[in-house]
Amino acid sequence: MHPAPSLIAFTTLSGLGFGLLAWLGLGLPSVTGVTAFVFFTIAYVLAAGGLLASALHLGHPERAWRAFSQWRSSWLSREGCASVAALLVMAAYGAALVFWGQRIAWLGWLGAALSLCTVFCTAMIYAQLKTVPRWHTPLTPALLLSLCLAGGALLAGQISLAWPLLIAAAVLQLLAWHHGDRAFARSGTTLGTATGLGARGQLRAFEPPHTGTNYLLREMAFEVGRKHATKLRGIALTLGYAMPVLLILLPGAHVTAALAVLSHIAGILASRWLFFAQAEHVVGLYYGRHTPRT
Amino acid sequence: MTTLPPKTAKKLGLVIDLDTCVGCHACVISCKGWNTENYGAPLSDQDAYGTPSGTFLNRVHSYEVQPPEAAPAQLVHFPKSCLHCDDAPCVTVCPTGASYKRAEDGIVLVNETACIGCGLCAWACPYGAREMDAAAKVMKKCTLCVDRIYNENLPEEDRQPACVRTCPAGARHFGDLGDPDSAVSQLAAARGGFDLMPELGTAPVNKYLPPRPKDQLDHPQTAEQIDILAPYLAPVANSPKGFLGWLDKTLERL
């Protein structure tokens, strides 16, 4: 799949932002006044900024309001509804903390639940797609939720929560890569089932429909940079998971914490780039992709 | 509404005969011609005289099939457009309700004024039937020529999809696949019509008819029949004479 920068930025940043909102909702840390204002500003810049980045991905952003209507069937619509609900509830909860120093606990729990719900919906947009076997697994929501909680805890300064969650997320990341590398072959979809000609012999895509490229190839048959996948996985693991764990367990308070956050974001951006760039869409089969050469 | 209708009164669709298709791409051109001039946003092209790319609702691939035994390879031309699936994953993922499946005839359509161009339906479609138009920024797909098949301003014989009407080989057939007595259902049943990627559970309406295996001239039975004529086809002169004969001998000696 085409690794659109807007989608990589959106899923990474808003995941972090909603993670921070979830911990703030639970009262971890329990902050009021100016400190609360700073925490909520960071969370809103990340969460809402990510949502805006995803709106840039649309062909017609001016019609985005229509996306709130199909929550009965569409995970993308559910994500839109959940994100707005989470941002509104957390705004009320945050205002009470910042301006009146009051923590309305039930409102915080509701906001935390809605924040996690938003990230779950985001993950399900990818996990629901049978056409991308690498994504079509419960590991996708598990990984995105664990990253949201771990990154959120890191931003919220919850050291004792952050390092075990980061390790858990790293384990899920390794499982997702392990599963993903085998998912396409295991799905059973081949050029043979795609054309219905599989039983007749060895199949080869002889001639594509056009000499030029097209939307399908640009969007769904992305194959650039896969040779660096192993190196990028190493970078993602080191920067996204190992470095933050080491840095937050070192003494040094704010400086190492800030470095840990930056390192985590860089690592997760790399991992998210791979999430898209390595995902194989079954439509590529029609163009002779994903088929072992003989 | 992007939930699918529980049942459609008709299942309009295509039966595509891979045995008859000659790969001329006439259906591609007539589709682009009709659909760029009629319903909805035109099917744009970008950089037509440089490195061209454009929106098409129908594309013809060609595949080589090499049978396992030492038989000749076969070339299969493979037209592919929207299969108007019964369980269309492209419809249910749409966040705005722009994508829908009609309860009356099962045609899957896009309401272009409600499409936000998020592209998720194209991701959900396993067949590559949906393409985002690079100029209009909305999703385009096969409409089964909904503006032809019910169009009373057209002569009766033209009230079928442009690709079917134009196919010079008669490889494309249009009709109601929900009615077991319709000509297309009968054809699909008689010729063993099959689904593409049945394992994905999309329940496509369109059916493909398999190509017949290629004639095998060196098969013992066929070879025998040819042998009746063989004496008449035997070469008359085996060795060159005259100047060519001399040249042949001279070159041989070198």
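The second largest pocket of this predicted model is lined by 16 residues. A:Leu154, A:Leu155, A:Gly157, A:His254 and A:Ala257 lie nearest its centre. Two or more lining residues come from each of α2, α5 (139-155) and α10 (253-277) of chain A. α10(A) gives the most, with 5 residues. The pocket holds about 330 Å³ of space. On a 1 Å grid over the protein atoms alone, a pocket is an open set of points where a 1.4 Å probe fits, with protein on both sides within 12 Å along at least five of seven lines; lining residues have an atom within 4 Å of a point. Helices are DSSP runs (H or I, at least four residues), numbered from the N terminus.

The largest pocket contains about 580 Å³ of space. Its lining comprises 28 residues, with A:Ser54, A:Ala55, A:Leu58, A:Leu76 and A:Glu79 closest to the centre. α3(A) gives the most to this lining, with 7 residues. By class, the lining has 20 nonpolar, 7 polar and 1 charged residues.

UniProt (unreviewed entry) places transmembrane regions in chain A, including residues 106-127 and 161-177. Residues 106-127 of chain A are 100% helix, with end C-alpha atoms 31 Å apart. Residues 161-177 of chain A are also 100% helix. Their end C-alpha atoms lie 24 Å apart.

Residues are numbered from 1 along each chain as its sequence is written, and chains are lettered from A in the order in which they are written. Local features need pLDDT of at least 70 and side-chain atom pairs pLDDT 80 or more, while totals for chains, interfaces and linings use all residues; side-chain values use heavy atoms, without hydrogens and water.

Conventions: UniProt positions renumbered as here; feature names shortened; annotations may be inferred. Points joined across faces, edges and corners; volume = space filled by probe spheres on them. Nonpolar A, V, L, I, M, F, W, Y, C, P; charged D, E, K, R; others polar.
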